[in-house]
Amino acid sequence: MRYFRPSILLSLFYHKAVFRVPVSANKVYLTFDDGPTPGKTERILSILEQYRVPATFFLTGRNILTSPDLAQKIRQRGFSIGNHGYDHIRGTSSGFRKYIADVKEGEKYSGSIFFRPPYGAIGPCQYYWLRKRYRIVFWDLMPYDFDNRLDKEQVLKIIKKYLRPGSLIVLHDNSKSNVPDLLGDIIELCRSEGYSFGELFEDLIKAG
């Protein structure tokens, strides 16, 4: 079963985590998980620059280590980088110490205290320990860009239906993602619905 938004229970239980940015304007946020990935990330960067849209990349430490030039390119082009752990492990099936160590190792390479749990899966003890040091960032809208059973029109339909002010849209720049073929249409759809794009970390810091 696909969940296009995290459950209300999750947002209530982890109430200090970020699921949506409290903004008064019609502003949304593009985020990309799992990269950097050669052949994908470069195309995404080119499209973002073409449309002059800010975005945030939650990168794994292992992929930064494997493709440091791509991670550097993201920074040099003015996009933000967040921590997505080192090995992209699932918190709910990992021991406490192993998971905490993985997040800390991811921080070494990303340099970021903004952490997005891989799969959105994090245990209560892990969460309450990590939030003392990190800003935990989930998402508001998951259009399943990595699911090849969904064509472009289906992905755009999901975004149009669930988009709202402050939405964090989670996309991917991993090997399974179709984002390079969808991103221009996603940006144009959001703009046609009256939304502009915000810089996530900047607006979260302003919001407190």
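Student: Before we start, what should I keep in mind about the numbering and the model?

Tutor: Residues are numbered from 1 along each chain as its sequence is written, and side-chain values use heavy atoms, with hydrogens and water left out. This is a predicted model, in which local features need pLDDT of at least 70 and side-chain atom pairs count only at pLDDT 80 or more, while totals for chains, interfaces and linings use all residues.

Student: OK, how many helices and strands does the protein chain have?

Tutor: The protein chain has 9 helices and 7 strands, where helices (H or I, at least four residues) and strands (E, at least two) are DSSP runs numbered from the N terminus. The radius of gyration of the chain is 16 Å, close to the 17 Å that the globule rule gives for 208 residues, so the chain is as compact as a globular protein of that length. That radius is taken over C-alpha atoms, and the rule is 2.2 Å times the number of residues to the power 0.38.

Student: And what share of the 208 residues is buried?

Tutor: Buried residues make up 54% of them; buried means under 20% relative accessible area, exposed means over 50%, and partly exposed is in between (1.4 Å probe, protein chains only).

Student: Switching to helix 7, which of its residues are buried?

Tutor: In helix 7, residues 152-162, the buried ones are Val155, Leu156, Ile158, Ile159 and Tyr162. Seen down the helix axis, these buried residues fall within an arc of 155 degrees, so they line one face of helix 7; the arc is that of the directions from the helix axis to the C-beta atoms.

Student: What's on the other side of helix 7, and what do the buried residues pack against?

Tutor: Glu153, Lys157 and Lys161 are exposed on the other side, whereas the buried residues of helix 7 pack against helix 8 (179-192), with contact meaning heavy atoms within 4.5 Å.

Student: Which residue caps the N-terminal end of helix 7?

Tutor: Aspartate 151 does, with a side-chain oxygen 3.2 Å from the backbone nitrogen of glutamate 153.

Student: How about helix 4, which residues are buried there?

Tutor: In helix 4, residues 68-76, Leu70, Ala71 and Ile74 are buried. Those residues fall within an arc of 100 degrees seen down the axis, so they line one face of helix 4, and Asp69 and Gln76 are exposed on the other side. The buried residues of helix 4 pack against helix 2 (41-51), strand 2 (56-59), helix 3 (61-66) and strand 3 (80-83).

Student: Now arginine 116, is that one buried or exposed?

Tutor: Arginine 116 is buried, with a relative accessible area of 0%, and its place is in the loop between strand 4 (114-115) and helix 6 (124-130).

Student: Which side chain does the side chain of arginine 116 make a polar contact with?

Tutor: The partner is the side chain of threonine 31, at 2.8 Å. A polar contact is a pair of N or O atoms within 3.5 Å; within protein, one must be able to donate a hydrogen and the other to accept it, and residues adjacent in sequence count only if both atoms are side-chain atoms. Not counting residues up to four places away in sequence, arginine 116 also touches others, including Asp33, Trp139, Leu168 and Val170.
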